[in-house]
Amino acid sequence: MKRIILTGGGTAGHVTPNIALLPRLRQSGYEISYIGSRDGIEKKLIQAQGVPYYEISSGKLRRYFDLKNFTDPFRVLKGFSEASALMKKLKPDIVFSKGGFVSVPVVIAARRHHIPVICHESDLTPGLANKLSMPGATKVCCNFPETIQYLPKGKAVLTGCPIRRELMEGNRTAALNLTGFTPGKPVLLVMGGSLGAAAVNQAVRDALPELLKRYQIVHLCGKGKLDESLNGTKGYVQYEYIQKELPDLFALCDIVISRAGANAICELLALRKPTLLIPLPAKASRGDQLLNARSFERQGFSMVLEEEHLTKDTLLNAVEELSGNRQTYIDAMERCPQSDAIRIILELIEQAVS
């Protein structure tokens, strides 16, 4: 039996593409293991899939001053030692990395043991973790055509993003039962990513009385970010995080407000959901979400509202414009050719292990 190790973590966006690969990997006869962090979101998500999960130490490589910058390098070294021991124990034929800082020691350990590695970069420009991993990779997959210029020559492959099949199989009636909404009124889905988005949450709640006049609202607000005072508000439901019922909520919603994480927006593209993107601002990140959002805006898939300009009024105006031009965005997404990312990645994996 062929053996594969999957790795990646920190946010759901570093995990869900790996989950999307699981059915085809199993169908192709792979024995699958996962290496992740001890306390990241990936642990719960992967264990729910029945995949053996192995923990290693991990540290974040920051571009800014933080006292943890003095201790995290030792955690990374420990993680490399633990990953190296797992390579000897699990004896994988290949490693597939979705990024995040936990993946770096895994990729380095794999190359030290002469195990081929395939990386996937979701964002338009590579993140630091993937920059450190790419020299040891056999191939580097990406979502955006613009990304190829930033990747090593001869390694870059435009695959698109693996999309979980179950996202396409949502049940609208089940979502109506879950939310208690009525069938005749449009539904707005608000997503701040697996960690939530405080600024988006606040703007939506400030605008809630006006929004509820036209929409029913599903608000995925992130762990610890529920507003208990809004419980019981007619036409409004809030959840910290949704996993199993997410396909049903996608089937129910008419328009979406979202951060601009690459995996999330690729899923929304595949589902043909007109979206108002509010990217994480450059001052709070390396600017990858802003680049992702602008690429989708140029292609006519989404509207963009930068967080620096986010107020109750700008949000209401943008939602109104998005709703009024909903079909235009759907038509643009319909014209976008969809690559079979899972098939392409599986072919790369097969080539690397043969």
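## The second largest pocket

The second largest pocket has a volume of about 550 Å³. A pocket here is an open set of points on a 1 Å grid over the protein atoms alone, with protein on both sides within 12 Å along at least five of seven lines. The volume is the space filled by probe spheres set on the points. This is a predicted model, where local features need pLDDT of at least 70 and side-chain atom pairs count only at pLDDT 80 or more. Residues are numbered from 1 along each chain.

The pocket is lined by 26 residues (an atom within 4 Å of a point). Gly160, Cys161, Pro337, Gln338 and Ser339 lie nearest its centre. Helices (DSSP runs of H or I, at least four residues) α10 (262-270), α11 (288-298) and α14 (341-353) each give two or more residues to the lining. The largest share, three residues, comes from α10.

## Helix α14

α14 has 13 residues and spans 19 Å from its first C-alpha to its last. That is close to the 18 Å expected at 1.5 Å a residue, taken as 1.5 Å times one less than the number of residues. Its buried residues (under 20% relative accessible area, 1.4 Å probe) are Ala341, Ile342, Ile344, Ile345, Leu346, Leu348 and Ile349.

Terms used. Side-chain values use heavy atoms; hydrogens and water are left out. On a 1 Å grid over the protein atoms alone, a cavity is a set of points where a 1.4 Å probe fits but cannot get out, and a pocket is an open set with protein on both sides within 12 Å along at least five of seven lines; lining residues have an atom within 4 Å of a point. Buried means under 20% relative accessible area, exposed over 50%, partly exposed in between (1.4 Å probe, protein chains only).
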